[in-house]
Amino acid sequence: MSLKLYNTKTRSKDEFKPLSKKKVGMYSCGPTVYSSAHIGNMRSFTMADILKRTLLFLGYDVKHVMNITDVGHLISETDQDKMEEAAKREKKSAQEIAQFYTDEFMNDMKELNLLPADVFPKATEHIEEQIELVKILEEKGLTYKISDGIYFDTSKFPEYGKLSGQKTEDKEEGARVAKNPEKKNISDFALWKFSPKDEQRQMEWESPWGIGFPGWHVECSAMSVKHLGQPFDIHTGAIDLIPVHHENEIAQSKAAYGQPLADWWIHGEFVVLGDDKMAKSDGNVVSLTDIKKQGFNPLSYRYLILNTHYRSPLTFTTEALEAAQNALFNIRNEVRDWNKPDHVDEKWLTQFKEKLEDDLNTPQALALMWEIIKSDHPSSMKAATLLHMDHVLGLQLDKWIAIPLEVPDEITKLAADRNAARDAKNFNLSDTLRQKIEDAGYLIEDTKKGTKITEK
Ligand SMILES: [Zn+2]
């Protein structure tokens, strides 16, 4: 078998063929750093991570670029810029806000065990490149100027709307974008915005058109061509980026350089918040920090993501996360007692590979992992095979496989006392002692081989 991926561009599962034999260029639309990334964002980045790890597992060289949007982009034509708003709200400079949330995002990535991108270009460090791109589009006669900025004329790019399958005429101007009567077409978008005359922005730059700042979409086009060339292989993002952001990236890039932007467009589905205590009233946003505050291990969220195919919506509830955490901790408890890894089982690895090659079917890959854990094959073989699979799954099993739990003496003593109480049929005392052990973070389990102590 070979790798098949669902390509939004063709709307089908196609055999993956990179532009050059074993090298893959991959671009992921990254975070906007004026607030915490929510778990939906992190799901999308985790999807990119699983794709990248799968490519590495299959022997490809991957160059991965993920942009950091540290210029606030206007979500509406009349609104304040989110970055400047956050700066005012938190009484910090826009630069401080961007740095704070960039650091937080990098930490979230680390905790979800996402491989860092090879390049994390920042929008503010690529202003020149963005201006250059707008100049090219201007020279080709594809732009026009209105009172608040320079716009891309989408009527001059006949392919506009192809990725999403939306025709420009059908497109309702969304509630998030206030109507701008000066725009020639509803789908036209800003390439360069002018700073308001009566206001000094924290983030603004000189340009051939006056002081202002780049439109949001332009950064991805300018930074991807700089770091990956054009076309490159894979562009990833969440599905909500398809109809506007990705259409706009494609329009600018292809119009400017005469080449497609990317061959493969891989989009991840949303996280849907179920009836949940973690959902806050202010816009129902849950971050990884919220998950940790509830006592969850961030890798439990990774497990939950793996357990849902990336093209299906993930319904997030505390119960679902609990189930994922239990599954993850059960794996840890199972693999601790194994013998040291020796050789892998090739048959299992082939099956694992086939599941990933089928449009990254991680729920089935997890199911296979469980099948292996439960099998009665030598544990040294199971250990070696799982460690190999974990290069893609990223559950950090190397920290648990064949690493026996060191139970503190006091817990061992409590367990012995509890067993003695149970044998004497003093069940009240044995329950009290069991509870004490649990409160200290351990579980005791009566097995055929005797009492087993595991971490909670
Ligand atoms: Zn983008």
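Trainee: What percentage of the 456 residues in the chain is buried?

Mentor: This is a predicted model, and in it buried residues make up 38% of the 456 residues in the chain. The C-alpha atoms fill a box of roughly 90 × 50 × 35 Å along the principal axes, and the secondary structure comes to 14 helices and 14 strands.

Trainee: Into which domains is the chain divided?

Mentor: Domain 1 covers residues 16-268, domain 2 covers 276-399 and domain 3 covers 409-455. The C-alpha centres of domain 1 and domain 2 lie 31 Å apart, and their contact takes 19 residues from domain 1 and 20 residues from domain 2. On the side of domain 1 that touches domain 2, the elements giving two or more residues are α1 and α3 (94-111), with α1 providing the largest share, 11 residues. By class, that side of domain 1 has 8 nonpolar, 6 polar and 5 charged residues.

Trainee: Which residues does tyrosine 301 contact, leaving aside its neighbours within four places in sequence?

Mentor: Tyrosine 301 is in contact with Ile39, Leu112, Leu288, Ile291, Phe296 and Leu321, once those neighbours are left aside. For the chain as a whole, among contacts between residues at least 6 apart in sequence, 74% join residues at least 24 apart.

Trainee: Tyr301 is also listed among the buried residues of α8, so to speak of the helix itself: how many of its residues are buried?

Mentor: Helix α8 (residues 298-306) is mostly covered, with 7 of its 9 residues buried. These are Ser300, Tyr301, Arg302, Tyr303, Leu304, Ile305 and Leu306, and they pack against α1, α7 (288-293), β12 (314-316), α9 (318-336), α11 (362-374) and α12 (379-393).

Trainee: At what angle do α8 and α9 pack?

Mentor: To read a helix pair, look at the distance between the axes, then the angle, and then the residues that meet. The axes of α8 and α9 are 8 Å apart and the helices pack at about 100°, which makes α8 roughly perpendicular to α9. Leu299, Ser300, Tyr301, Tyr303 and Leu304 in α8 meet Ala320, Leu321, Ala324, Gln325, Ala327 and Leu328 in α9. The residues of this contact divide into 9 nonpolar, 2 polar and no charged.

Trainee: Where α4 meets α5, how many residues of each class are there?

Mentor: The axes of helix α4 (residues 127-139) and helix α5 (residues 216-228) come within 9 Å and cross at roughly 105°, and the two helices are therefore roughly perpendicular to each other. By class, their contact has 5 nonpolar, 2 polar and 3 charged residues. Glu129, Gln130, Leu133 and Val134 in α4 meet Val218, Glu219, Ser221, Ala222, Met223 and Lys226 in α5.

Trainee: Is methionine 369 buried or exposed?

Mentor: The reasoning is a count of neighbours, in which 20 or more other C-beta atoms within 10 Å make a residue buried. Methionine 369 has 22 and is therefore buried. Methionine 369 is found in helix α11 and, leaving aside its neighbours within four places in sequence, is in contact with Leu386 and Met389. The C-alpha atoms of methionine 369 and lysine 382, 13 residues apart along the chain, are separated by 9.4 Å.

Trainee: Which backbone angles deserve a look in the loops?

Mentor: Begin with the peptide bond from glutamine 230 to proline 231, which is cis, with omega near -5°; proline 231 is found in the loop between α5 and β9 (232-238). Next, look for positive phi values in residues other than glycine. Phi of asparagine 113 is near 55°, and asparagine 113 lies in the loop between α3 and α4, where it counts as partly exposed with 17 C-beta neighbours inside 10 Å. Phi of aspartate 359 is near 50°; aspartate 359 is in the loop between α10 (346-357) and α11, and it counts as partly exposed with 19 C-beta neighbours inside 10 Å.

How values were computed
Residues are numbered from 1 along each chain as its sequence is written. This is a predicted model: local features need pLDDT of at least 70, side-chain atom pairs count only at pLDDT 80 or more; totals for chains, interfaces and linings use all residues. Helices (H or I, at least four residues) and strands (E, at least two) are DSSP runs, numbered from the N terminus. A residue is buried if 20 or more other C-beta atoms lie within 10 Å of its own, exposed if 12 or fewer, and partly exposed in between; C-beta atoms are placed from the backbone. Two residues are in contact if their C-beta atoms, placed from the backbone, lie within 7 Å. Axes are lines fitted to C-alpha atoms, for helices over the stretch in contact, and angles run from 0 to 180 degrees between N-to-C directions. Angles under 35 degrees count as roughly parallel, over 145 as roughly antiparallel, 65 to 115 as roughly perpendicular and the rest as oblique. Ala, Val, Leu, Ile, Met, Phe, Trp, Tyr, Cys and Pro count as nonpolar, Asp, Glu, Lys and Arg as charged, and the others, Gly among them, as polar. Domain bounds come from an automatic or database domain assignment.
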